[in-house]
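Have a look at it first, and then read on.

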Amino acid sequence: SSAESLLEPSYDPTASWVTEMSQQQILQTLPQAIAQLPERQRKVVLWRYYEELPFEEIARLLEIEPATARSLLRHGINNLRKQMRGSDCAPSEF
């Protein structure tokens, strides 16, 4: 009956639109955020995620220990998160 069809939940694409728009904003802002990282953090982030270098190779290139390379990556990611939150690209609820 028509009363039953009114009670059926309909698909609301709003959540997926918000997610897609947020991802597009992040991708547009990310290069600038990476550029603002301290030099060693920036190099580690780029080498690890864009060139997919292992930590041992990154450590060799920077003449540091692999554990230090991991630490630089962790600090770089944390700094990127702070920058992205500050630029209103990442919704606060995520």
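A residue is called buried under 20% relative accessible area, exposed over 50%, and partly exposed in between, using a 1.4 Å probe and protein chains only. This is a predicted model, in which local features need pLDDT of at least 70 and side-chain atom pairs count only at pLDDT 80 or more, while totals for chains, interfaces and linings use all residues. Residues are numbered from 1 along each chain as its sequence is written, and side-chain values use heavy atoms, leaving out hydrogens and water.

Let's start with helix α5, residues 66-86. Helices are DSSP runs of H or I with at least four residues, numbered from the N terminus. The expected span is 1.5 Å times one less than the number of residues; for the 21 residues of α5 that gives 30 Å, which agrees with the 30 Å between its end C-alpha atoms.

Which residues of α5 are buried? They are A69, L72, L73, G76, L80 and M84. These residues cover an arc of only 100° around the axis, so they lie on the same side of α5; the arc is taken from the directions from the helix axis to the C-beta atoms. An α-helix has 3.6 residues a turn, so residues three or four places apart point the same way. On the other side of α5, A67, K82, R85 and G86 are exposed.

Now find Q41 in helix α3, residues 39-50. Q41 counts as buried because its relative accessibility is 11%. Leaving aside residues up to four places away in sequence, Q41 touches L72, H75, G76 and N79, where contact means heavy atoms within 4.5 Å.

Terms used
Helix = DSSP H or I, 4+ residues; strand = E, 2+ residues; numbered from the N terminus.
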